[in-house]
Amino acid sequence: MCITLLIALVSGYLFTLVHMPIPWLLGPMLGVCLVSRGMKTVKLYWPGYFRNIGLIIVGYAIGLSFTLDTLKEIVHQLPSMVLLTLLLLLLCSLTAYGLSRLAGISFPTALTGSIPGGLTQMVALAEETKGIDMTVVTFLQVSRLMMIVVFVPLIIFSPLMGSDRSDVILSPIAAASASWSELFPDIIPYAILCTGMALLGKKLHFPTTFLLAPLIVAAILHLSGLHGPALPNSIIGAAQLMIGCYVGLLLKPETLPNKFRIVTLALISGVILIVGACGLSYLMTKLHPVTAATSLLSLAPGGMDQMGIIAHEINANVSIVTSYQIFRTFFIFFAVPPLLRILFGRLARMRRTVDE
């Protein structure tokens with residue numbers, strides 16, 4: 001664990017020197033991934049509870065961005081959330097079909113690996129479904145996540161969106177100047193309730209509990225008028241590091257069948273999803289008065305925590321971004337698994353009929 005931390009610190013510092021976006025997330029994630037895959041004699045380890053602590057911190061920071069005006073805007077945009085989520089899932093399904101045909105893997109495996117429902121949820125679904133290759137699912141999910149976390153910030157910080165940076169909506173949490181002296185005592189009730197609800201949510205099998213539970217608690221307390229102090233940059237950076245190390249250790253391409261073909265097609269499918277998300281984000285800017293950066297982060301098929309971190313870093317409308325990501329997470333968590341089980345069951349019956 002100490003070696004992993006050292007690699008993460010060095011990688012994060014190097015990324016800050018070259019002015020990479022969200023350096024304390026991308027640096028540890030890529031540094032730990034490269035070292036763990038390139039140096040077989042070094043066994044890197046990162047406890048899952050560190051990642052959970054990072055998610056609680058991020059959830060709290062995002063929760064503070066919710067205001068009454070934001071909630072009204074979310075209700076106003078609900079039809080768009082449904083429409084754009086369905087279009088994104090349709091794109092993922094078409095991409096999965098092409099991936100299954102070209103890579104020689106089953107369609108259920110490709111579809112489970114392509115749906116942006118969160119790594120934990122999709123891996124859990126894959127474990128419960130017969131005939132799905134867990135290794136391929138994990139690789140597709142992690143590789144897509146890493147591509148989005150790397151390339152979406154580059155797109156947002158590129159000249160393509162330079163014209164939008166001047167009118168980006170400044171979120172309350174990003175606008176506040178944070179210092180360690182301002183944390184206490186106001187942070188204490190937030191820390192207790194956010195952590196307690198996250199642990200309770202885990203026992204109740206609440207989706208993405210270590211991010212969503214603190215986010216909901218912080219939003220409710222903040223809207224009720226209880227002051228929630230902004231976090232110092234050092235705490236936000238530490239949270240990014242804890243999440244980045246965990247994600248970096250998940251990618252294990254050496255265990256894949258047909259490595260070259262699957263890796264190549266996974267990269268192509270990732271590019272297709274990013275381009276598709278850019279197209280849908282353009283549609284969102286036509287439907288609602290949001291910036292290109294906010295719309296892209298809202299629809300990017302990556303992790304809610306990563307998109308929230310990026311939105312926080314660039315002063316995008318964090319609450320809108322998170323709301324779209326939360327809606328898609330809940331929709332996929334509650335609606336998609338039953339639909340996939342029905343679909344996979346019918347496909348299995350069709351295969352048995354053909355074999356007979």
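A residue counts as buried when its relative accessible area is under 20%, as exposed when that area is over 50%, and as partly exposed in between. Phe 107 has a relative accessibility of 22%, so Phe 107 is partly exposed. Keep that scale in mind as you explore this predicted model. The protein chain has 356 residues, and 52% of them count as buried.

**The chain as a whole**

- The secondary structure is made up of 17 helices and 0 strands.

**Two helices side by side: α5 and α13**

- Helix α5 covers residues 78-103 and helix α13 covers residues 259-287.
- The axes of these two helices are 10 Å apart, and the helices pack at an angle of about 160°.
- Angles over 145 degrees count as roughly antiparallel, and α5 and α13 are therefore roughly antiparallel to each other.
- The crossing of α5 and α13 is right-handed.
- On the α5 side, the residues that meet α13 include Ser 80, Leu 84, Leu 87, Cys 92, Thr 95 and Ala 103.
- On the α13 side, the residues that meet α5 include Arg 261, Ile 262, Ser 269, Gly 276, Met 284 and Leu 287.

- A search of the whole structure turns up 4 aromatic pairs.
- One of them joins Tyr 60 and Tyr 190, whose ring centres are 5.4 Å apart and whose planes are 75° apart, an edge-to-face arrangement.
- Tyr 60 belongs to helix α3 (residues 48-63) and Tyr 190 to helix α10 (residues 187-203), so this pair links distant parts of the chain, 130 residues apart.
- Tyr 60 has a relative accessible area of 5%, so Tyr 60 is buried.
- Tyr 190 is buried too, with a relative accessible area of 0%.
- Tyr 97 and Phe 107 also make a pair: their ring centres are 6.3 Å apart and their planes are at 70°, so the pair is edge-to-face.
- Because Tyr 97 lies in helix α5 and Phe 107 in helix α6 (residues 107-114), the pair ties together parts that are 10 residues apart in sequence.
- Tyr 97 is partly exposed, with a relative accessible area of 45%, and Phe 107 is partly exposed at 22%.
- Trp 46, Tyr 49 and Phe 50 form one aromatic cluster.

**A closer look at Phe 210**

- Phe 210 is part of helix α11, which covers residues 209-223.
- The relative accessibility of Phe 210 is 10%, so Phe 210 counts as buried.
- Phe 210 and Tyr 49 are 161 residues apart in sequence, but their C-alpha atoms are 9.8 Å apart in space.
- Setting aside residues up to four places away in sequence, Phe 210 touches Asn 52, Leu 55, Ile 56, Ala 198, Leu 199 and Lys 202.

**A closer look at Ser 11**

- Ser 11 sits in helix α1, which covers residues 2-17.
- Ser 11 has a relative accessibility of 10%, so Ser 11 counts as buried.
- Beyond its neighbours within four places in sequence, Ser 11 is in contact with Gly 27, Pro 28 and Gly 31.

Methods: Residues are numbered from 1 along each chain as its sequence is written. This is a predicted model: local features need pLDDT of at least 70, side-chain atom pairs count only at pLDDT 80 or more; totals for chains, interfaces and linings use all residues. Side-chain values use heavy atoms; hydrogens and water are left out. Axes are lines fitted to C-alpha atoms, for helices over the stretch in contact, and angles run from 0 to 180 degrees between N-to-C directions. Helices (H or I, at least four residues) and strands (E, at least two) are DSSP runs, numbered from the N terminus. Angles under 35 degrees count as roughly parallel, over 145 as roughly antiparallel, 65 to 115 as roughly perpendicular and the rest as oblique. A crossing is left-handed if the near helix is turned anticlockwise from the far one by less than a right angle, and right-handed if clockwise. Contact means heavy atoms within 4.5 Å. Rings of Phe, Tyr and Trp (its six-membered ring) pair if their centres lie within 6.5 Å; planes under 30 degrees apart count as stacked, over 60 as edge-to-face and the rest as tilted. Buried means under 20% relative accessible area, exposed over 50%, partly exposed in between (1.4 Å probe, protein chains only).
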